[in-house]
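Thank you all for coming.

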Amino acid sequence: MIPITDPRIEEYLRGLAPEDDTHLIAMEQRAKELAFPIVDRLVGRLLYLLTRLRQPQLVVELGSGFGYSAWWFARAVSITGTVVMTDRDGANLDYARTMFRQNGLIDRLEFREGDALEIGREYRDIDILFIDLDKEQYRLAAETMIPRLAKNALLIADNALWYGRVAEGGDDPETRGIREFNDFMCLRRDFFTTIIPLRDGVMLAYRLS
């Protein structure tokens, strides 16, 4: 495993922008207690900034867990915007509903239980697509959802560097899936794509046409 960022740098960055929202802190504590993977606060802040800049009407998450990344999107969308959460585990969505009801953002959310790609196919003119599901499915997710994206949409994917394993030549299914996805997106002429070495790597792809 190749370190992507020095832990001291991450600690410094977090110290620059402390958060005191009790719901955010509760979700972070839940993730820690359950050893549940979340995008973490540094990536969350990036998602918030990108959403404020893009001002989407529709954000679709493929893989939402219990709502940590959705919290950042929902904070940033306008009152007419919608964030669609997808997860196979109804308990995750129940927890998310409770949190969003408490923080007053629930009117901006749709909670969809089931297969993320099957649900995603139901939407059109998606302004921001966020991919954070099984790593073997990343390329299929992109192929499936690109025709459903709006003009000038953003495709964002977490874990694009996969603990540095994409650079180590690993051939396990997850690493292979991420590498194939990265190649697929970076070679497309209809997107401008880059990967930010933040946390576990965040892919940003801007639709040019």
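By contact I mean heavy atoms within 4.5 Å, and helices (H or I, at least four residues) and strands (E, at least two) are DSSP runs numbered from the N terminus. This is a predicted model, in which local features need pLDDT of at least 70 and side-chain atom pairs count only at pLDDT 80 or more, while totals for chains, interfaces and linings use all residues. Residues are numbered from 1 along each chain as its sequence is written, and side-chain values use heavy atoms, with hydrogens and water left out.

Let me begin with helix 7, residues 138-145, where Tyr 138, Ala 141, Ala 142, Thr 144 and Met 145 are buried, that is, under 20% relative accessible area with a 1.4 Å probe and protein chains only. These residues cover an arc of only 165° around the axis, which puts them on the same side of helix 7; the arc is that of the directions from the helix axis to the C-beta atoms. Among the elements that cover them are strand 1 (58-62), helix 6 (116-120) and helix 8 (173-186).

Leaving aside neighbours within four places in sequence, Pro 197 is in contact with Ile 4, Thr 5 and Leu 161. The C-alpha atoms of Pro 197 and Asn 159, which lie 38 residues apart along the chain, are separated by 9.7 Å.

Finally, the axes of helix 2 (residues 22-34) and helix 5 (residues 90-102) come within 10 Å and cross at roughly 160°, the axes being lines fitted to C-alpha atoms over the stretch in contact, and angles running from 0 to 180 degrees between N-to-C directions. The contact is made by His 23, Ala 26, Met 27 and Arg 30 of helix 2 and by Tyr 95, Met 99 and Gln 102 of helix 5.

Methods. Buried < 20%, exposed > 50% of the residue type's maximum accessible area, 1.4 Å probe, protein only.
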